[in-house]
Amino acid sequence: MHHYEVNFDGLVGPTHNYAGLSYGNVASLSNAKSTSNPKAAAKQGLAKMKALHDMGMVQGVLAPQERPDVTTLRRLGFSGSDAEVLTQAAQQAPAIYHAVCSASSMWTANAATVSPGADTVDGKVHFTPANLTNKFHRSLEPQTSGRILQAMFNNSRYFEHHLHLPDNEHFGDEGAANHTRLCRNYGHAGVEIFTYGRSAFNPNIPAPQRYPARQTLEASQAIARLHGLSDENTVFIQQNPAVIDQGVFHNDVIAVGNQNVFFYHEDAFLDKESKFAEIQRKFGDDPIHFIEVSSSEVTVEEAVQTYLFNTQLITLQDGTMAIIAPTECQEHPRVSAYLAELVTRDTPIRQVHYFDVKQSMRNGGGPACLRLRVALNDTELAAVNPAVMMSDELFARLNQWVDKHYRDELSIADLQDPQLLSESRTALDELTQILKLGSVYPFQR
Ligand SMILES: N=C(N)NCCC[C@H](NC(=O)CCC(=O)O)C(=O)O
């Protein structure tokens with residue numbers, strides 16, 4: 001039996017834009033109101049997926065969501081035809097309108113938390129869509145994320161789908177962006193590390209002062225319960241509130257782990273010594289490579305600028321690891337020097353590959369944000385909807401689809417164009433046929 005870590009990358013949707021919606025996310029705010037290029041964004045994402053496929057990785061695609069989200073606008077009291085709903089909202093409530101146009105579902109690290117069968121009490125792969133309550137534009141994602149995941153992992157013998165947690169800040173959940181799994185290999189029970197930013201019910205634990213902590217301890221605990229994880233393979237660790245206040249809005253902006261490697265900044269966590277001892281004890285006898293980056297090597301500010309830790313750490317077919325980094329890391333002299341030196345050390349990491357995902361980076365989404373990891377064995381993999389798996393044919397087909405339907409320029413003013421809705425729906429309708437997803441979108445139901 002083989003075991004794989006499969007990356008399901010978010011396909012960037014046709015309304016990709018820069019609306020400055022994410023307070024606490026430095027890139028989102030500093031690029032607010034600039035003009036985006038949805039076509040380039042989608043193609044950058046596809047090129048990364050294809051490159052990983054060509055490296056021998058198993059790679060999948062996760063469909064974007066329907067935007068503008070007319071259903072939500074109707075819930076908020078806008079009425080009439082779809083075109084009237086959009087016009088009224090754009091004129092009367094531009095901030096709400098911009099939020100319902102966001103293509104933020106592209107960052108599939110926030111789509112769900114996933115626990116592989118090796119860790120769960122019933123041996124099934126468990127999925128819980130993230131409720132993303134902290135940001136209005138993202139809180140619109142969980143229902144459709146759940147439907148898309150069910151259409152991809154549509155076999156109750158192997159896959160268990162949970163409803164997202166209650167839509168309330170007390171259970172603020174940002175999915176896999178705050179979840180790291182270490183394991184000897186993908187088929188062995190691993191240690192699932194849940195990182196939270198604050199507690200909803202215990203005012204005595206520290207919390208950030210400036211920017212919001214999006215993930216609560218109580219949400220992380222609920223996910224671990226739902227997924228049937230044992231205490232012996234679960235660790236809860238608090239993110240350092242000081243780094244949240246410097247723009248580390250998800251833990252995957254400051255740490256990444258894969259198998260026996262944990263790569264993180266020295267300031268990432270609170271209570272590091274005792275928590276790392278717990279992680280090592282629960283991992284077992286084999287030593288974990290704890291690769292700590294000090295502030296004298298790379299500051300938190302530089303990590304936030306370059307997304308050094310929002311890299312993918314992947315295991316190649318020969319068992320060595322590669323880092324998939326954004327070109328922002330390559331362009332930064334200290335960070336690129338750090339990575340060049342890192343691959344010469346005595347750790348499994350031997351290669352760095354740089355990718356241009358600048359369209360996503362300008363909204364605070366690096367290579368790791370763009371993918372949801374799902375560890376699967378052969379039988380489970382065979383039960384995944386094959387139409388969502390990357391291949392030379394699918395890559396060509398999706399590039400043609402993007403060329404046909406996407407704009408190469410979208411300003412904030414362009415979001416008011418009523419044509420955008422029909423363009424977007426036509427594209428998504430065709431996409432559900434390509435990916436054989438059925439009717440997952442509200443406009444199809
Ligand atoms: N770190 C991970 N896993 N994901 C990155 C998510 C970026 C996303 N940006 C946005 O939603 C910006 C949208 C805008 O401003 O238009 C967010 O802040 O939630």
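**Figure 1. Gln259 in the loop between β9 and β10 of the predicted model.** Gln259 is found in the loop that links β9 (255–258) to β10 (261–265). The model shown here and in the other views is predicted. Most residues other than glycine have a negative phi. Gln259 is not a glycine, yet its phi is positive, at about 50 degrees.

**Figure 2. The cis peptide bond between Arg67 and Pro68.** Most peptide bonds are trans. The bond from Arg67 to Pro68 is cis, and its omega is near -5 degrees. Pro68 has its place in the loop between β2 (59–62) and α3 (70–75).

Figure 3. In the side chain of Asp252, an N or O atom is 2.7 Å from a nitrogen atom of the ligand. A polar side-chain atom of Asn25 lies 3.0 Å from a ligand oxygen atom. With Ala19, a polar backbone atom is involved, 3.1 Å from an oxygen atom of the ligand.

**Figure 4. Packing of helix α16 against helix α17.** Two packed helices are described by the angle between their axes and the distance between the axes. For α16 (residues 392–405) and α17 (residues 419–434), the angle is about 165 degrees and the axes are 10 Å apart. The two helices, α16 and α17, are therefore roughly antiparallel to each other. The crossing in which α16 passes α17 is right-handed. On the α16 side, Leu394, Arg397, Leu398, Trp401, Lys404 and His405 make the contact; they meet Glu423, Thr426, Ala427, Leu428, Glu430, Leu431 and Ile434 of α17. Sorted by class, this contact of α16 with α17 has seven nonpolar, four charged and two polar residues.

**Figure 5. Packing of helix α2 against helix α16.** Helix α2 (residues 38–54) and α16 cross at roughly 175 degrees, and their axes come within 10 Å. This angle makes α2 roughly antiparallel to α16. From α2, the residues in contact are Lys39, Ala42, Lys43, Leu46, Ala47, Lys50, His53 and Asp54, which meet Asp392, Phe395, Leu398, Asn399, Val402 and Asp403 in α16. The contact of α2 with α16 has six nonpolar, six charged and two polar residues. Leu398 of α16 meets α2, and Leu398 is also among the α16 residues that meet α17.

Technical notes:
Residues numbered from 1 in each chain as written. Predicted model: local features only at pLDDT ≥ 70, side-chain atom pairs only at ≥ 80, totals over all residues. Heavy atoms only, no water. Axes fitted to C-alpha atoms, helices over the stretch in contact; angles between N-to-C directions. Helix = DSSP H or I, 4+ residues; strand = E, 2+ residues; numbered from the N terminus. Parallel < 35°, antiparallel > 145°, perpendicular 65-115°, else oblique. Left-handed = near helix turned anticlockwise from the far one by under 90°. Contact = heavy atoms within 4.5 Å. Nonpolar A, V, L, I, M, F, W, Y, C, P; charged D, E, K, R; others polar. Polar contact = N/O pair within 3.5 Å; in protein donor to acceptor, adjacent residues only side chain to side chain.
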